[in-house]
Amino acid sequence: MSKYFGTDGFRGEANKDLTVEHAYKVGRFLGWYYGREHRAQIVIGKDTRRSSYMFEYSLVAGLTASGADVFLLHVTTTPSVSYVVRTEGFDCGIMISASHNPFYDNGIKVINGQGEKLEDEVIDEIEKYLDGETEEIPFAVKEEIGRTVDFSAGRNRYIGYLITVATRSFKHKKVGLDCANGSASAIARNVFNALGAETYVINDEPNGVNINTDCGSTHIEGLQKLVKEKGLDVGFAYDGDADRCLAVDENGNLVDGDLIMYICGKYMKQTGTLLNNTIVTTVMSNFGLYKALERENIDYVQTKVGDKYVYENMAANGHCLGGEQSGHIIFSKHATTGDGILTSLKLMEVMLEKKESLSKLASEVTVYPQVLKNVRVFDKTAAQDDALVQEEVKKVAEALGNTGRILLRQSGTEPVVRVMVEAPSQEICEKYVDQVIDVMKAQGHLQ
């Protein structure tokens with residue numbers, strides 16, 4: 001794993017792990033790297049965190065100092081940056097966001113000219129520059145100095161594109177949206193209103209410090225309450241930068257990424273649009289999803305956690321649907337990254353075309369009980385690779401046999417090891433997860 005960049009960009013606490021100096025130097029490198037043969041044109045979006053403005057200005061200073069022209073989308077979603085990059089011919093895009101993390105964290109996500117996550121070899125070069133291991137980059141001078149351009153029109157084009165994705169009017173449908181006080185606040189309501197839905201929106205008043213706070217896809221309870229109280233047909237919850245979507249059915253029940261992939265995948269197979277008859281999942285997907293896909297004769301593959309790895313597999317093998325239980329869903333016909341608002345539109349399409357409720361569509365999957373606990377540790381690798389911890393994991397796996405599984409993995413963005421168990425009952429899951437955590441604690445790994 002890279003020193004600064006994890007599975008989803010350079011992320012950490014603002015001005016502690018990720019500083020304005022880091023952002024400036026990332027800008028300096030990208031402006032030079034993409035401007036070696038022409039004046040680089042780079043587009044920037046940001047979420048609603050207080051520190052996003054600070055990092056935006058730092059990146060702009062670095063980029064223009066290296067001779068790049070910078071186009072500002074302002075507050076927007078990660079998938080909109082990806083869309084604008086690949087449709088408007090930019091050299092690369094930058095999204096300033098820490099996704100679902102608390103407001104005091106932030107991140108720099110870099111997107112290449114094809115709208116995809118930046119290549120590892122370029123990330124390696126950025127990190128060498130950050131650590132002073134490469135020659136200093138020359139400053140642009142005179143007319144070579146870059147400029148900034150207001151490009152809010154790019155965000156509006158993305159909104160227009162989303163509206164064209166819908167196959168039917170949403171008239172007479174009552175839809176709830178939880179915008180997580182983040183990027184979706186500037187977009188989601190406009191899309192659903194334009195499509196005719198009776199739209200109820202919560203958590204769309206960002207103040208810089210309330211992003212993801214007790215709201216959005218990481219805190220689904222508020223949306224569940226809204227759907228039940230207002231008698232809505234469906235609800236959709238996004239995360240801070242709106243590249244995730246979780247849904248709530250008309251009864252207030254959660255419909256997670258696994259269920260969304262099943263519902264959309266089955267529909268796409270029926271309509272002849274599920275290329276290769278395959279859905280790309282990660283190792284975190286539920287046993288119940290795989291059982292349901294097998295019943296429908298739909299193939300699946302597994303990747304490491306991270307929509308970056310899901311998309312890499314999709315692109316390499318020509319698959320068109322993939323995603324994560326957490327709600328990163330990729331429809332490669334329309335996008336190269338997870339896109340929360342797009343996902344909600346595709347789920348609406350299935351509901352409308354099949355004339356069935358979301359609860360009915362989701363009821364075909366029997367979800368196995370699953371317990372996932374995030375353990376904050378001093379050293380992720382040391383905690384996960386500890387011999388006694390691994391021995392305990394092996395014991396749990398043997399005890400579960402074919403009735404479940406255990407998975408230990410490091411977070412790509414936080415000092416966290418995730419311990420997950422799936423088993424026939426919640427009690428068994430809790431028991432085995434706690435057994436492994438107890439060994440970590442006894443070995444002195446827990447913060």
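Guide: Let's start with a term: a polar contact is a pair of N or O atoms within 3.5 Å; within protein, one must be able to donate a hydrogen and the other to accept it, and residues adjacent in sequence count only if both atoms are side-chain atoms. Here, the side chains of E353 and R168 make one at 3.1 Å. Before we go on, the model is predicted, so local features need pLDDT of at least 70 and side-chain atom pairs count only at pLDDT 80 or more, while totals for chains, interfaces and linings use all residues. Residues are numbered from 1 along each chain as its sequence is written, and side-chain values use heavy atoms, with hydrogens and water left out.

Visitor: Where is E353 found, and which residues is it in contact with beyond its sequence neighbours?

Guide: Helices (H or I, at least four residues) and strands (E, at least two) are DSSP runs, numbered from the N terminus. E353 is found in helix α11. Contact means heavy atoms within 4.5 Å; leaving aside neighbours within four places in sequence, E353 is in contact with T167, R168 and Y267. For scale, E353 and L73 are 280 residues apart in sequence, and their C-alpha atoms are 34 Å apart in space.

Visitor: Which side chain does S344 pair with in a polar contact?

Guide: That of Y238, at 3.0 Å. Apart from neighbours within four places in sequence, S344 is in contact with F192, F236, Y238 and C245.

Visitor: What about loops? Where does H334 lie?

Guide: H334 lies in the loop between β16 (329-331) and α11 (340-354). H334 counts as buried because its relative accessibility is 13%. The H334 side chain joins that of Y161 in a polar contact of 3.3 Å. Setting aside neighbours within four places in sequence, H334 is in contact with R86, Y161, V165, L342 and K346.

Visitor: And which backbone nitrogen does the side chain of E324 reach?

Guide: The backbone nitrogen of G306, at 2.9 Å. E324 sits in the loop between β15 (321-323) and β16, and at 6% relative accessibility it counts as buried. Not counting residues up to four places away in sequence, E324 touches G257, D258, M261, T282, V305, G306, D307 and I329. D256 is 68 residues from E324 along the chain, with 8.9 Å between their C-alpha atoms.

Visitor: On to helices. Which residues of α4 are buried?

Guide: In helix α4 (residues 120-130) they are V122, I123, I126, E127, Y129 and L130. They cover an arc of only 160° around the axis, so they lie on the same side of α4; the arc is that of the directions from the helix axis to the C-beta atoms. The general idea: an α-helix has 3.6 residues a turn, so residues three or four places apart point the same way. What covers the buried residues of α4 includes β1 (5-6), β2 (9-13), α1 (20-33) and α10 (307-317).

Visitor: How do α14 and α15 pack?

Guide: Axes are lines fitted to C-alpha atoms, for helices over the stretch in contact, and angles run from 0 to 180 degrees between N-to-C directions. Helix α14 (residues 387-400) and helix α15 (residues 426-442) pack at about 165°, with axes 8 Å apart. They are therefore roughly antiparallel; angles under 35 degrees count as roughly parallel, over 145 as roughly antiparallel, 65 to 115 as roughly perpendicular and the rest as oblique. L388, V389, E392, V393, V396, A399 and L400 in α14 meet I428, Y432, Q435, V436, V439 and M440 in α15.

Visitor: At what angle do α3 and α5 cross?

Guide: Roughly 100°, with the axes of helix α3 (residues 78-88) and helix α5 (residues 152-165) coming within 9 Å. That makes α3 roughly perpendicular to α5. P79, S80, Y83, V84 and E88 in α3 meet G154, R157, Y158 and Y161 in α5.

Visitor: One backbone point: what is the phi of S99?

Guide: About 55°, positive although S99 is not a glycine. S99 lies in the loop between β5 (92-96) and β6 (105-111), and counts as buried at 1% relative accessibility.

Methods
Buried < 20%, exposed > 50% of the residue type's maximum accessible area, 1.4 Å probe, protein only.
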